[in-house]
Amino acid sequence: DRFFSASGDVATALRGFQEEHLRHMDRHRQVVRLIMRELQDPALDQQRPLILELLSTNFSRLVRQLESARETGEIRRSVHCQVTALVLFATNAFLFQHAEELAELPGLGLVDRPGDIAHAVIDLIYHGLEPDLSNGAAT
């Protein structure tokens, strides 16, 4: 919530959220690993409702911020806010789980730089893949 209230720009707020979420996951590696294990291990089904409640709270907060931005015209009206939030969380979870392997991919060395990866992810989500037509050429 603080990123959205502190910034008038949705893209900047999303970058701040994404970067801080990656840093938070890194600072709390053992807890994050435990949560992921409990979500994936069928033997731990009894823990799942508590974990899902925790995840649901953070997911819902991000969705509400995106819906607010959509209602005020800061993002497209056709944006599916739940899918956008899912992409942000899923990207961070995947990066967290596979950072070492991903760092070996050509050109993906920025995996260990949360600010750079957050900027790239939000640029993709916020601006998409459409070419920049303002100057008549794809950039």
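**Confidence**

I looked up the confidence first: the protein averages a pLDDT of 84, and 87% of the residues score at least 70. pLDDT is the predictor's confidence in each residue, on a scale from 0 to 100. This is a predicted model, in which local features need pLDDT of at least 70, side-chain atom pairs count only at pLDDT 80 or more, and totals for chains, interfaces and linings use all residues. Residues are numbered from 1 along each chain as its sequence is written, and side-chain values use heavy atoms, with hydrogens and water left out.

By element, I found the lowest confidence in helix α1 (residues 2-6), at a mean of 60, and the highest in helix α4 (residues 48-71), at 91. Helices (H or I, at least four residues) are DSSP runs, numbered from the N terminus. I keep in mind that where pLDDT is low, the predicted coordinates should not be read in detail.

**Aromatic pairs**

I found 2 aromatic pairs in the structure. Rings of Phe, Tyr and Trp (its six-membered ring) pair if their centres lie within 6.5 Å; planes under 30 degrees apart count as stacked, over 60 as edge-to-face and the rest as tilted.

Phe 17 and Phe 89 are edge-to-face, because their ring centres are 5.7 Å apart and their planes stand at 85 degrees. This pair links distant parts of the chain, with Phe 17 in helix α2 (residues 10-27) and Phe 89 in helix α5 (residues 81-103), 72 residues apart. Phe 59 and Phe 89 have ring centres 6.4 Å apart and planes at 40 degrees, so I noted that pair as tilted. Here too distant parts of the chain are linked: Phe 59 is in helix α4 and Phe 89 in helix α5, 30 residues apart. Phe 17, Phe 59 and Phe 89 form one aromatic cluster.

I then checked burial (buried is under 20% relative accessible area, exposed over 50%, partly exposed in between; 1.4 Å probe, protein chains only). Phe 17 and Phe 89 are both buried, Phe 89 with a relative accessible area of 17%. Phe 59, at 25%, is partly exposed.

Thr 84 lies in helix α5 and counts as buried at 13% relative accessibility. Leaving aside neighbours within four places in sequence, I found Thr 84 in contact (heavy atoms within 4.5 Å) with Leu 66, Val 79 and Ile 125.

Conventions. Helices (H or I, at least four residues) and strands (E, at least two) are DSSP runs, numbered from the N terminus.
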